[in-house]
Amino acid sequence: MRAPQSVIDSRDLFAAIGFLSRIPVPVDGPWASERGARVAWAYPLAGAVVGGLLCAIGWLGLGISASFAAAFVLAASVFVTGGLHEDGLADSADGLWGGWTAERRLAIMKDSRIGAYGVMALVLALLLRWLGITAALEAGTWWALIAVPALSRAAMVPLMALPHARPGGVSATVGRPPAATTFLALVLGALLMLPLGGVSVWMFLATGVVMLAVALVAMAKIRGQTGDILGAVQQLTEIACWTALAATLG
């Protein structure tokens, strides 16, 4: 009989970084697949690592202007993550709004081609993220470049508990996180927001609203979640955070 696995493994952070980005980290060995969704507690930490790299890129680009630096940050984000979450957003937009049945929506989401809904979602998402990052850089709120990627990746974890809409997909392979894993991910995401002060409350609330909205739409349209839905919630909660921050700074 296999012994129960602990909530935290010292190698979980490497697995989370390797899964959510293209940063080369040591994740070899059967332990990674055996841990499955248990590594999700480290998703916000993986987001913070990505955010740290984005801070360096933003600092280099700030010599030109805040808007150029924000564009460099966006480009670096897509490069570091391989466009993983952007792809999920585009596929979700195409599938959720382009099909009439759950089966057809899932088929569209699996199709590698991008449609009109996906293009519009990507363009609007990049624009809104660029505006939010620009506002943060102009205000010198550098910690937001670490906190927002962290919280938006923590937001993926609760939705992993929804039913798997597509058996055999990436999300189904990873599995559902235990309640302790989900709780720890949200706590870490919230703690990483604290240095931002009072605005962190609004950002956390905005994240919660978007998470609930995505969960309700996913359940209504495809009866569960997929990897694309998780990517979409990361993008949408990131936009929600940037919007809340920009509104406060304004």
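This is a predicted model: local features need pLDDT of at least 70, side-chain atom pairs count only at pLDDT 80 or more; totals for chains, interfaces and linings use all residues.

Residues are numbered from 1 along each chain as its sequence is written, and side-chain values use heavy atoms, with hydrogens and water left out.

Me: What span does helix α12 reach from its first C-alpha to its last?
Reply: Helices are DSSP runs (H or I, at least four residues), numbered from the N terminus. α12 covers residues 199-222, which is 24 residues. The expected span is 1.5 Å times one less than the number of residues. The helix comes close to that expectation, reaching 34 Å.

Me: Is Q225 buried or exposed?
Reply: Q225 sits in the loop between α12 and α13. Buried means under 20% relative accessible area and exposed over 50%, with partly exposed in between (1.4 Å probe, protein chains only). At a relative accessible area of 1%, Q225 is buried.

Me: Which backbone oxygen does the side chain of Q225 reach?
Reply: Leaving aside neighbours within four places in sequence, Q225 has contacts (heavy atoms within 4.5 Å) that include L159, P163 and L230. At 3.3 Å, its side chain reaches the backbone oxygen of M160.

Me: At what angle do α5 and α13 pack?
Reply: Axes are lines fitted to C-alpha atoms, for helices over the stretch in contact, and angles run from 0 to 180 degrees between N-to-C directions. The axes of α5 and α13 are 7 Å apart. Their packing angle is about 110 degrees.

Note on methods. Helices (H or I, at least four residues) and strands (E, at least two) are DSSP runs, numbered from the N terminus. A polar contact is a pair of N or O atoms within 3.5 Å; within protein, one must be able to donate a hydrogen and the other to accept it, and residues adjacent in sequence count only if both atoms are side-chain atoms.
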